[in-house]
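Subject: Model handover

Hi,

Here is the model for your files. Please look it over before reading my notes.

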Amino acid sequence: MKFCSTVYTLWLREIIRFKRNRSRLLGSMALPLLFLLVLGSGFGGFFRYRDDISYMQFIGPGIVAMTLLFSSMFGGLSVLWDKQFGFLKEILVAPVSRTGIMAGQTLGTVTTSMLKAIVLLVGLLAAGVVKADILGILMALGFMFLVSAAFVSLGIAFAARMTDPHGFQLIMNFLIMPVFFLSGALFPLEGLPRWLFDLTCVNPLTYGVDGIRGALGGPQQFSLLFDFLGLTLFLVAATAVGTFLFRKMSA
Amino acid sequence: MITFAGGGVGATHSTPLADKKEALDAAIIRIEGLAKTFGSLTALHGIDLQIRENELLGLLGPNGAGKTTLISILSTLLPPSSGGARVCGFDIRTEQDEVRKCIGIVFQDPSLDDELTGAENLDFHGRLYGMDSSMRRARMNEVLNLVDLSDRQDDLVKTYSGGMRRRLEIARGLMHSPRVLFLDEPTLGLDPQTRRRIWDYIRNLNALQGTTIILTTHYMDEADQLCSRIAIIDRGRIVALDSPESLKQGLGGDMLELEVNGSRSQFLESLQALEEVGHVSVHEDRVVLTVKHGEEFIPRVIELAQSRGVAVSSVSMRKPNLEDVFIKLTGREIREEIVTEAKDRIRIYQTSRRR
């Protein structure tokens, strides 16, 4: 009961802040839309995945995963801003469990990230770029949740260890961008050079992209079950590390 | 002169056992041998202190003296390196949640969520402390009234002035009706008018609500005006503990300040030899001394100076203040720390500008 109300309190804060910042919603959708429209149309002219699958259709699910990756990681890192602005102290001095705080923070950011990704997904469906049945959409939502929760936890893990928000840029350059580019969001994995293929295989986002794409009726590298297991494993690991570091963190 | 033993709790009782029991009952915070080291730096050297219920205690000392560290340990944000403390009867090491429920804290640095309204900040706090919605609403109105923020409660905190933010933080610290409230430099970086208003709120809280208040400050006047008892902290040690009046009386009389030219060593020696002269200190060309019956002493000191070949260009007399107490105890002026204070202000300014 106490635990749940802690989770709810932290979740509620994220939602209130999200509602208040519609401009931020647009801002965080701009990059994915740019990728989708410019790359999709630009390469779409001379590259088709298969005769029946256009390039736009191929990268659509990848861009959904990208939206999740960016907003989830940055959401997790927002703990760092709370640290910088002192609000974290207010949270940490309260008589509540750290695990509850971590869970609430995670769920809040997962919710807002999912909302952004869902807006994009609805757009893709409405424009007919991807076609999926209800079951496919539900499965895609499941994969989206796993991706988001795992990367929020990872972001919190980093935030717990960092003290300086300027480290953001470093994480952006050396983690988020490589994870995105090496995930098979923009190109198929088959026929890649060996070193590149190996790198994509150790990248958890690869399984997220593959799962979402498969659920939405696109071509798959692995099976849905394999994607699900891979992602779940990553989620468990990220949550464990994130929770451990968050509990150890001092304000 | 200066008593270290805590302002005479039960001092008039006859049996030592009863004294001790009463002191223990009345102490809402008991600190025993509390020490904290950060690597090779020792921030606190074995602090012993008992704080009574409904007391308004000031922790006075320059920046870096260990005040914030002490408060962080008492509020369970930092573990002590050795020794321990009980707050509201609970152990700060093993009963953290109970301690946290019993205390409220206003941090030195800002700690509000700018993107929430004042009311939302309070509501968030109430939820975290397990208050139900009717209790939250009732208490919110109470604390907002107390700090005169009711009319701004639905505005975003980022539109608040520095003083309003501070008041909101005080209100938030009180939201869950804590028995003990810690205020870490509550008026740092605020203008004089706002400071005075905040002093009024603090006084009211202590008097009307009976909240025990522990505040840290490096402003002498703040400690003097507000606190019923002052612990002077320097370099991680409590060097004096008493009411402001007793601390000042402990200096023994009036403060004479002389501006002098010429070779002073002989003059100072003969000054110190006089029975009625207490502590003598020198700051550039000013000589400050404590003396009983200062008015009568002025002609004598001028005479003495002339006979030792020292020219006195001005004399002023005043009642001693806590700054004098601090100088006597540590040989340094708290004012030396003003540069650091300015840095603090810049830090707060920068922090509040981001986002």
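The model is predicted: local features need pLDDT of at least 70, side-chain atom pairs count only at pLDDT 80 or more, and totals for chains, interfaces and linings use all residues. Residues are numbered from 1 along each chain as its sequence is written, and chains are lettered from A and ligands numbered from 1 in the order written.

Helix H5(B) spans residues 133-146. Helices here are DSSP runs of H or I, at least four residues, numbered from the N terminus. B:Arg136, B:Arg139, B:Met140, B:Val143 and B:Leu144 are buried in H5(B) (20 or more other C-beta atoms within 10 Å of the residue's own; exposed means 12 or fewer, partly exposed in between; C-beta atoms placed from the backbone). They sit on the same side of the helix because they cover an arc of only 130° around the axis, taken from the directions from the helix axis to the C-beta atoms. B:Ser134, B:Ala138 and B:Asn145 are exposed on the other side. After H5(B) comes B:Asp148, with a positive phi near 55°.

Chain B is assigned domain 1 (54-76 + 95-247) and domain 2 (252-319), with bounds from an automatic or database domain assignment. Their C-alpha centres are 42 Å apart.

Best wishes

Key. Helices (H or I, at least four residues) and strands (E, at least two) are DSSP runs, numbered from the N terminus. The expected span of a helix is 1.5 Å times one less than its number of residues.
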